[in-house]
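Here are my notes for you on this one. Keep the viewer open while you go through them, and take the points in order.

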Amino acid sequence: QTVKADLIVASPTWLHEGPGGVLPESVRLRLQAVPGIAAVDGYRDLRMEFRDVPVVVVARDLLLHARHSRYLFLEGDSTAILADAVRGNQLVVSETFARQFHLRRGDLVALPGPRGPVEFPIAGVFYDYSTDGGKIVMDRSLYERLWGDRRSTVVPIYLSPGADPETVRRAVADRLAGDPPVMVLTNGELKSEVLRIFDQTFAITYALEIIAVAVALLAIVNTLL
């Protein structure tokens, strides 16, 4: 429900284990001129420490996200909360993060900035199941201003009405011309890959079920013998 981008541009190692590559700002700027593209976001994903615990921090264009997609907040309207977050230099955090640190809407979160800790109010709490330690999301302009980092982990692309995803995908590949090397996924391909990874996560659960059934069958055989 929340992944609405039509195309996703990322480094070839993005979906694999280990550290993924980052894309320079030039990628996002060059793609804005590709025919058929209505909007280009810059999604920066990195790790920071909060109260000595590593958490995921995401910087993205929250107003662009509000126009094309949404977050599923525990309370409140997604568009209004994201607009308030941008206006007030606030954060939105995942439910996992809020529960782990006993925080709620309006509380302050201190992150390690380049010139010392920086405090931000929480504008809202949203449902998210992508990380164990929780997630913090801020507007990209706020992140760039304080951290001076304009790179992107992935570049989500929203297409103009009627644009053909495959045609635009080829145009994106031609525009970048392998500099830097990237992969371009459609929305459907990304969701299929996410579900595949999700199934891998539960492989141990299926294995435990098989073991439990095998033990039960052996117990029945042993009793009959």
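What percentage of the 225 residues in the protein is buried? The figure is 41%. Keep in mind that this is a predicted model.

1. Start with the whole thing. The C-alpha atoms fill a box of roughly 75 × 45 × 30 Å along the principal axes. The accessible surface comes to about 12500 Å², and 57% of that belongs to carbon and sulfur atoms.

2. Next, a word on how the chain meets itself. Take the contacts between residues at least 6 apart in sequence: 71% of them join residues at least 24 apart.

3. Now find strand S8, residues 135-139. All 5 of its 5 residues are buried, so the rest of the structure largely encloses this strand. Look at both faces: Lys135, Val137 and Asp139 lie on one side, Ile136 and Met138 on the other, and all of them are buried. The cut-off for "buried" here is under 20% relative accessible area.

4. Who are the partners of S8? Strand S4 (residues 53-60) pairs with S8 in the parallel sense over 5 bridges, and Val58 stands opposite Val137 of S8. Strand S5 (residues 91-94) runs antiparallel to S8, joined by 2 bridges; here Val93 stands opposite Ile136. As background, strands of a sheet pair through backbone hydrogen bonds, either parallel or antiparallel.

5. Move on to the open sheet of 4 strands, with the order S2-S9-S1-S10 and antiparallel pairing. From one strand to the next, the twist averages 25°.

6. Zoom in on one pair in that sheet. Strand S1 (residues 7-10) and S10 are antiparallel, with 4 bridges joining them. One to click on: Leu7 has Thr186 of S10 as its bridge partner. Helix H7 (residues 187-201) lies across S1 and S10, and runs at about 90° to S10.

7. Last stop, the surface. Leu195, Phe198, Phe202 and Tyr206 form a nonpolar patch there, with about 410 Å² of accessible area together. Tyr206 sits in helix H8 (residues 203-224). Its relative accessibility is 43%, so Tyr206 counts as partly exposed; that class lies between the 20% and 50% cut-offs.

Conventions: Residues are numbered from 1 along each chain as its sequence is written. This is a predicted model: local features need pLDDT of at least 70, side-chain atom pairs count only at pLDDT 80 or more; totals for chains, interfaces and linings use all residues. Side-chain values use heavy atoms; hydrogens and water are left out. Buried means under 20% relative accessible area, exposed over 50%, partly exposed in between (1.4 Å probe, protein chains only). Two strands pair if DSSP finds at least two bridges between them. Patches are made of residues with over 30% relative accessible area and no salt bridge: like charges are joined within 9 Å, nonpolar side chains (Val, Leu, Ile, Met, Phe, Trp, Tyr) within 5 Å. Accessible areas come from the Shrake-Rupley method with a 1.4 Å probe; for residues, only the protein chains shown count as cover. A salt bridge is a side-chain nitrogen of Lys or Arg within 4 Å of a carboxyl oxygen of Asp or Glu. Axes are lines fitted to C-alpha atoms, for helices over the stretch in contact, and angles run from 0 to 180 degrees between N-to-C directions. Contact means heavy atoms within 4.5 Å.
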